[in-house]
Amino acid sequence: MKVCWNLTNLCDENCFYCFRDLLERPRPLEDNLVIINKLKNLGVTRITYAGGEPLIYKNLASLLAYSKSLGISNALITNGKKLTVDNLGEYLCNVDKLTFSIDSPNEYINTTTGRGVDHYKHIKELLPFIKEKYPNLILEVNTVATKDNLKELDYMFEALGSEISFYGLKKWKISRFCPLRGYARERKNILNLSEEEFLDVEKNYSGLVAPFEISVRNTDSIEENLIISPKGSFKTALNNEEIVLVEDIVSKPHLVIKRALELGGYHVQ
């Protein structure tokens, strides 16, 4: 079983399409270590650490090391801003898959959509050091398709296929904008793709020949995810509406959590 852990709702970028929960606050390290133990007992084999921006959580390295020590595979989704040549070892020594969020190689587009200046440049310059030090690390790129960057997808595809920094990229995931909560819900009418626009994206990119896998994902892919929120709730989504399965993982006994997840359609130990 896999879970996506939105470790914190804090972020050092301000993406217009973001659906992070703006109200929840992250748990302290000791609570999150309890959560990892409970995930292990539930049969979780992979944790994807996300956010907000997970690197803002000051004890992320400790969580990665602990979950790895329990035999859990770690994935990390990050905008990359807080990763540097000097701190790569602190985090990536316990990461199996690293995913960078990149919506365009165009720094002007990145600035106007909230990613900020030098976002793409920083990742591109960092990747050679990552690949040299961690050659077995799985590298992926996530792109969120909105009305703002539809015309950037071709440019993104060309950059990923031609930039030396991206050689060895495993997968490019294009995810349809999802107005689940927060800023995304407020800006739904501005950013949402029509069915026709999304089908065009699917048609244009799903079958392309590339040195990496291309995955075009509709919003129903979010509904397949089992999510842990910053405050330690188990959540899922249905029809762009969030559903709480367990309000507080830390305080609930194993059998209560297990039953709630099974009622939500998840097979657990």
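1. Cavity lining. The residues around the largest cavity in this predicted model divide into two nonpolar, six polar and five charged. The lining comes to 13 residues, and Asn 6, Asp 21, Arg 181, Ser 229 and Pro 230 are the ones nearest the centre of the cavity. The space inside amounts to about 70 Å³. Over the whole structure, the search turns up three cavities of 30 Å³ or more.

2. Largest pocket. The largest pocket is a separate entry and has a volume of about 1,300 Å³. It is lined by 47 residues, and those closest to its centre are Cys 4, Ala 50, Ile 77, Asn 142 and Arg 217. By class, the lining holds 18 nonpolar, 14 polar and 15 charged residues. At least two lining residues come from each of β1, β2, β3, β4 (97-101), β5 (138-145), β6, β7 and α10 (220-223).

3. Sheet. At the β10 end, β10 runs antiparallel to β9 (residues 234-238), and five bridges join the two. Within this part of the sheet, Thr 236 stands opposite Ile 243 of β10.

4. Strand β2 and its neighbours. Four of the five residues of β2 are buried, so the strand is mostly covered. On one side, β2 pairs in the parallel sense with β1 (residues 2-6) over five bridges, and Tyr 49 of β2 has Trp 5 opposite. Strand β3 (residues 73-78) also runs parallel to β2, with four bridges between them; here Thr 48 stands opposite Ala 75 of β3. The chain passes from β2 through α2 to β3 in a right-handed β-α-β crossover. A right-handed β-α-β unit is also made by β1, helix α1 (residues 29-41) and β2.

5. Six of the six residues of β6 are buried. Lys 171, Lys 173 and Ser 175 point one way from the strand, while Trp 172, Ile 174 and Arg 176 point the other way; all of them are buried. The charged side chains in this list may be worth a look in the viewer, given that Lys and Arg count as charged. β6 runs parallel to β5, to which six bridges join it, and parallel to β7, to which five bridges join it. Trp 172 takes part in both pairings: it is the bridge partner of Val 141, and it stands opposite Ile 214 in β7. Together β5, α6 and β6 make a right-handed β-α-β unit.

6. Gly 168 lies in the loop between α6 (153-162) and β6 (171-176). Gly 168 counts as exposed because its relative accessible area is 66%, and the cut-off for exposed is over 50%. Pro 135 is 33 residues away from Gly 168 in sequence, with 9.2 Å between the two C-alpha atoms.

7. Backbone exceptions. Most residues other than glycine have a negative phi, and most peptide bonds are trans. Two places depart from this pattern. The peptide bond joining Gly 51 and Gly 52 is cis, with omega about 20°. Gly 52 is found in the loop between β2 (46-50) and α2 (60-69). Asp 118 is not a glycine, yet it has a positive phi of about 65°. Asp 118 sits in the loop between α4 (107-112) and α5 (119-133), where it is partly exposed at a relative accessible area of 38%.

8. Cysteines. How many disulfides does the model contain? The count is zero. For Cys 11, the closest cysteine sulfur is that of Cys 15, at 6.2 Å; a disulfide needs the two sulfur atoms within 2.5 Å, so this pair is too far apart for a bond. Cys 11 is partly exposed, with 27% relative accessibility. Cys 93 is partly exposed as well, with a relative accessible area of 44%.

Methods: Residues numbered from 1 in each chain as written. Predicted model: local features only at pLDDT ≥ 70, side-chain atom pairs only at ≥ 80, totals over all residues. Heavy atoms only, no water. 1 Å grid on protein atoms, 1.4 Å probe; cavity = no way out; pocket = protein on both sides within 12 Å on 5 of 7 lines; lining within 4 Å. Points joined across faces, edges and corners; volume = space filled by probe spheres on them. Buried < 20%, exposed > 50% of the residue type's maximum accessible area, 1.4 Å probe, protein only. Pairing = 2+ DSSP bridges. Right-handed = clockwise from strand over helix to strand, strands pointing away.
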